[in-house]
Amino acid sequence: MVGVVACSSVSSIKALWETRIKRGREEEEQRRTTSKGGTTGRLSVRVWEDRAVLARLKEKLQMEDGRLVLRIEQEEWKILPGCLIQFIQAQEWQIHRTGLLKIPHFISSFQNLLVLDLSRNAVAEVPKQIGTLTRLKELLLSYNRIQFVPEELSGCESLERLELAMNRNLNELPHQLRNLTRLQHLDLSMNDFSLLPDCVVAMPGLQWLDMGGNRLQLLPDDIHRMEKLHTLWLQRNELEKLPVNISRMASLDTLVLSSNRLRDIPSLMEDMTNLRFVNFRDNPLTMDVTLPPRKKVAEDDEDDREMFGREFMQMYIQEARKRSYAVLNMHCVNQIDEDSADK
């Protein structure tokens with residue numbers, strides 16, 4: 001009986017341990033299953049989030065004038081997701097007032113891009129990868145926080161329009177940008193330039209330039225190299241005089257110089273018959289010249305007469321010449337009187 005009891009006790013203990021081991025294995029397996037299920041759950045959440053973002057982006061795509069345009073306005077998109085690369089056929093980005101912080105490096109994948117308009121955001125840097133967009137025609141980055149433009153931008157050989165207005169601390173451009181031979185329209189207004197960049201003067205195709213609201217004190221003597229320039233905005237700078245060669249800008253028909261520090265209008269500008277619109281308002285000019293009144297002139301015509309300023313410029317130069325002749329004649333008369341007195 002003792003042996004039977006002992007054998008029975010051993011069997012019970014063995015069964016107990018086997019039960020515990022089996023239970024332990026089942027619990028471990030259950031933990032593993034639960035763990036896998038959690039990972040799968042997290043992956044599933046991420047997949048659904050990506051799908052949701054893609055769905056939102058797809059809603060922002062639309063055909064406009066035969067182009068596939070990505071248009072996002074007044075929504076929060078500080079970062080553009082990598083899944084955007086699935087829409088590389090897009091030809092135009094219009095992303096405004098979204099708080100966008102950076103241009104993604106995968107921008108280089110959008111080789112069909114013709115227009116990149118990211119104005120009124122918070123972009124602080126233009127990535128080097130932008131230079132691979134050889135078909136890009138318009139790059140609009142006004143009202144951002146850009147302080148530096150990379151030399152790689154010169155690789156955008158098809159660029160016709162570049163806008164960098166109101167980036168505040170931007171004060172120079174890389175000399176390589178002179179290679180943008182097709183650039184026609186350049187807006188650098190409301191920045192921190194103290195000089196007109198050499199690369200801008202050397203741009204062979206430039207036709208329209210806005211440098212208003214900077215700190216320009218001088219214009220380059222070789223400004224006449226800008227042979228195709230027809231519009232030049234220089235309002236709200238610190239210019240005290242104009243270079244003589246400005247009179248050799250044969251294509252220039254619009255010149256805005258309001259709110260500078262000009263003391264005189266160069267007499268050589270009298271021959272700039274190509275000027276259609278010229279404005280010298282709010283400058284401390286040496287002479288106070290008032291245009292004579294016209295008879296039976298409509299109010300709108302009188303405003304145009306003042307705003308376009310051609311007549312004012314001509315009259316100022318003529319008056320300055322008359323006063324110079326008067327001073328010279330007075331000097332000659334005084335000299336003759338002195339000579340007579342000596343005799």
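1. Rings of Phe, Tyr and Trp pair if their centres lie within 6.5 Å. A search of the whole structure, which is a predicted model, finds three aromatic pairs. A pair of aromatic rings is described by the distance of the centres and the angle of the planes.

2. Trp93 and Phe110 form a pair with ring centres 5.0 Å apart. Their planes stand at 80 degrees, so the pair is edge-to-face; the cut-off for that class is over 60 degrees. Trp93 belongs to strand E3 (residues 92-96), while Phe110 is in the loop between E3 and strand E4 (115-117). The pair therefore ties together parts of the chain that are 17 residues apart in sequence. Trp93 and Phe110 are both buried.

3. Phe312 and Tyr316 make an aromatic pair of the tilted kind, with 6.1 Å from centre to centre and 45 degrees between the planes. Both residues lie in helix H4 (residues 310-342), and because they are four residues apart there, about one helical turn separates them. Is Tyr316 buried or exposed? Tyr316 is buried, with a relative accessible area of 0%.

4. Another ring, that of Tyr143, has a charged neighbour. The charged end of Arg120 sits over the Tyr143 ring, 4.0 Å from the ring centre.

5. Gln235 is in the loop between strand E9 (231-233) and strand E10 (254-256). Its relative accessible area is 10%, so Gln235 counts as buried, the limit being under 20%. Which residues does Gln235 touch, not counting those up to four places away in sequence? The contacts are Asp210, Gly212, Gly213, Val256, Ser258 and Asn260. Of these, Val256 falls in the range given for strand E10 (254-256).

6. Leu275 is also a loop residue, placed between E10 and strand E11 (277-279). With a relative accessible area of 4%, Leu275 is buried. Leaving aside residues up to four places away in sequence, Leu275 touches Leu252, Asp253, Thr254, Leu255, Met269, Arg310 and Met313. The C-alpha atoms of Leu275 and Ser251 are separated by 8.6 Å, although these two residues are 24 residues apart along the chain. Arg310 and Met313, among the contacts of Leu275, have numbers within the range of helix H4 (residues 310-342), the helix that also holds Phe312 and Tyr316.

Key
Residues are numbered from 1 along each chain as its sequence is written. This is a predicted model: local features need pLDDT of at least 70, side-chain atom pairs count only at pLDDT 80 or more; totals for chains, interfaces and linings use all residues. Side-chain values use heavy atoms; hydrogens and water are left out. Rings of Phe, Tyr and Trp (its six-membered ring) pair if their centres lie within 6.5 Å; planes under 30 degrees apart count as stacked, over 60 as edge-to-face and the rest as tilted. Helices (H or I, at least four residues) and strands (E, at least two) are DSSP runs, numbered from the N terminus. Buried means under 20% relative accessible area, exposed over 50%, partly exposed in between (1.4 Å probe, protein chains only). A charge sits over a ring if NZ of Lys or CZ of Arg is within 6 Å of the ring centre and within 35 degrees of the ring normal. Contact means heavy atoms within 4.5 Å.
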